[in-house]
Amino acid sequence: MTAPTPTPTSAAPAANARTLGLAHYAARGVLEHFLSLRGLTFQQHLTLRTAAGADAPRTPGQLVEQVRSFIKADPAGIRATLDELLAADLLVQDGARLRPTDAGRDLLAAVAEEVAPVSARIWGGLPADDMAAAGRLLALIARRADEELATLTA
């Protein structure tokens with residue numbers, strides 16, 4: 001199957017909170033389909049992937065804070081997710097730090113392999129200049145939203 005032809009910019013709706021949210025949830029829905037086949041939730045996957053991607057094993061508190069910074073979830077819920085991953089032997093306690101087990105790394109690799117062809121169809125053929133512009137725009141929106149959230153919760 002070939003990648004769909006990108007829609008001309010002139011016909012595209014303006015980026016706003018709704019269009020950005022719809023794109024996010026559409027892409028997340030694809031990922032969650034594959035995660036559900038493996039018995040994982042989005043938060044479990046993100047937490048495990050965060051632990052696996054760290055340069056060095058992190059403390060539970062560090063993992064909670066990093067995941068919270070990504071998805072703005074309740075720290076208690078993230079701690080519960082850590083407990084679930086530990087109980088499933090996907091994370092293991094290594095002294096005061098947590099690290100993914102071989103089973104956890106294998107699970108991440110399997111999900112990535114399953115999602116890859118679908119992601120290629122979704123993202124394939126998008127113009128590099130559009131992707132760069134979208135990246136800059138989304139980074140700015142995320143920074144501004146993080147600033148507003150920090151003000152609201154201070």
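Author: Let's start with charges: Lys and Arg count as positive and Asp and Glu as negative, while His and the chain ends are not counted. A charge is placed at NZ of Lys, CZ of Arg, CG of Asp or CD of Glu. With that, the 15 positive and 17 negative charges of the chain have mean positions 4 Å apart.

Keep in mind that this is a predicted model, where local features need pLDDT of at least 70, side-chain atom pairs count only at pLDDT 80 or more, and totals for chains, interfaces and linings use all residues. Residues are numbered from 1 along each chain as its sequence is written, and side-chain values use heavy atoms, leaving out hydrogens and water.

Now the patch: I122, W123, L126 and M131 make a nonpolar surface patch of about 370 Å². Areas come from the Shrake-Rupley method with a 1.4 Å probe.

Zoom in on I122: it sits in helix 5, residues 102–123. Its relative accessible area is 41%, so I122 is partly exposed, that is, between buried (under 20%) and exposed (over 50%).

Stepping back, 22% of the chain's 154 residues are buried. The chain has an accessible surface of about 10,000 Å², with 59% of that belonging to carbon and sulfur atoms.

Methods. Buried means under 20% relative accessible area, exposed over 50%, partly exposed in between (1.4 Å probe, protein chains only). Patches are made of residues with over 30% relative accessible area and no salt bridge: like charges are joined within 9 Å, nonpolar side chains (Val, Leu, Ile, Met, Phe, Trp, Tyr) within 5 Å. A salt bridge is a side-chain nitrogen of Lys or Arg within 4 Å of a carboxyl oxygen of Asp or Glu. Helices (H or I, at least four residues) and strands (E, at least two) are DSSP runs, numbered from the N terminus.
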